[in-house]
Amino acid sequence: MADLTIPAELLPSDGRLGCGPSKIRHEAVRALYEAGPRLLGTSHRQPPVREIVRRVRAGVRDLFDLPEGYEVVVGNGGATAFWEVATFCLIERRSEHLAFGEFSSKFAASTKAAPFLEDPLVIASEAGTHPVAVPDESVDAYALTHNETSTGVQMDIVRPRLASGGAAPGLVLVDATSGAGGLRVEPGEFDAYYFAPQKCFGSEGGLWCACLSPAAIERSERASGGRYVPAFLDLGIALKSSRLDQTYNTPATATLLLFALQLEWFNSNGGLEFSASRSDASAEVIYGWAERSSFAEPFVHKPDERSHVVATIDFDESVDAGAVAKTLRANGIVDTDPYRKLGRNQLRVALFPTIEPSDVEALTACVDYVVERL
Ligand SMILES: *Cc1c(COP(=O)(O)O)cnc(C)c1O
């Protein structure tokens, strides 16, 4: 099977269709190469690198149209590190988590393991769906996930509502690692919207970025009062460093520059509307194809929960998705394999704004070509 050669005219212009790390634009890599001699290998405490951090913070603020009082904070360690930052600095006593896949469950595991917090309230739902947050008086933070990358389910970001219609007290913490930049969001609905830049932001891993509301900033100063907080995970220290356009310890300059370039690409073309529309176009292509296909169907049943940034497509038993992914890989179309632990006969495809919708279209033609010849 892996020997099958897909005709060149069917192939996408770029075969990187994985969900993270994901495609990085060639223009950005070239700009990185050109900036290299005066930037790479220079001090992150000096103006050239600090200017990149400034561009990142300003670019994120513009992209999400953050209100007065919100701040953009960056630190090292990726989204996984931010779960620990939030555990130490944004949760006072108890958190509620919507768990609907690998990533959302991991944050719940972090808070459960923290000896200084009460056990979290975890609301789970079956893979391919998402649960709904329920206001709870014992909870001071709600952990939502904009897009569950392992299953391809997206959810609208809204504050949990009380029966009276008002927003429940408590911070809303949103893991937006694969959603940020590709999905629309209203800043008034979150207190922390955090992500790493190797997905929609077409950069490398290793960094976290968080948009914080005034309430989250205030909590970060209070929650740690009395509690031991490792300096590396101290959001207050990260905030102080970010205000100086620095990170607490040494960042990857390449990650920062690629991130800044992607933000500028988005913002100079119309901002979040531009980037989200590209993902919308890819989603229309792939789900439309799956619905018309005789052997494939979208894994997520409810159309409004189908992710516009990560598509999961189930195949019927007659087609071995693993063999298809392997053949695609041999032809230069990489990382379309399903999420390991989900264990389904499916392909998982990134629809991030970086990816050309015409390449998603080309992918569907390649899958048809391969399946016909199985
Ligand atoms: C990729 C991903 C993460 C993990 O990001 P790292 O930067 O590797 O820590 C966390 N949450 C979601 C939703 C993701 O897609």
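Colleague: Hi! What should I know before I start?

Modeller: This is a predicted model, with local features needing pLDDT of at least 70 and side-chain atom pairs counting only at pLDDT 80 or more, while totals for chains, interfaces and linings use all residues. Residues are numbered from 1 along each chain as its sequence is written, and side-chain values use heavy atoms, with hydrogens and water left out.

Colleague: Fine. Which domains does the assignment give?

Modeller: Domain 1 is 8-24 + 271-372 and domain 2 is 26-268; such bounds come from an automatic or database domain assignment. Their centres, taken over C-alpha atoms, are 26 Å apart.

Colleague: What area is buried between them?

Modeller: About 2,700 Å², with carbon and sulfur atoms giving 57% of it. Buried area here is the accessible area (1.4 Å probe) that two parts lose on being put together, summed over both. On the domain 1 side, Ile24, Leu272 and Glu305 supply 26% of the area buried against domain 2, more than any other three residues.

Colleague: Switching to helices: at what angle do helix 8 and helix 10 pack?

Modeller: Helix 8 (residues 272-292) and helix 10 (residues 357-372) pack at about 20°, with axes 8 Å apart. That makes helix 8 roughly parallel to helix 10, as angles under 35 degrees count as roughly parallel, over 145 as roughly antiparallel, 65 to 115 as roughly perpendicular and the rest as oblique. Axes are lines fitted to C-alpha atoms, for helices over the stretch in contact, and angles run from 0 to 180 degrees between N-to-C directions. Helices (H or I, at least four residues) and strands (E, at least two) are DSSP runs, numbered from the N terminus.

Colleague: Which residues of helix 8 make that contact?

Modeller: Arg278, Ala281, Ser282, Val285, Ile286 and Trp289. On helix 10, the partners include Val360, Glu361 and Asp368.

Colleague: How about helix 1 and helix 7, what angle there?

Modeller: About 130°, with the axes of helix 1 (residues 26-39) and helix 7 (residues 253-268) 10 Å apart. That makes helix 1 oblique to helix 7. Among the contacting residues are Ala28 and Leu32 of helix 1, and Leu257 and Leu261 of helix 7.

Colleague: Last topic, the backbone. Is the Gly20 to Pro21 peptide bond cis or trans?

Modeller: Cis, with omega near 0°; Pro21 lies in the segment before helix 1.

Colleague: And where is Asp65?

Modeller: In the loop between helix 2 (47-64) and strand 1 (71-76). Asp65 has phi near 50°, a positive value in a residue other than glycine.

How values were computed
Contact = heavy atoms within 4.5 Å.
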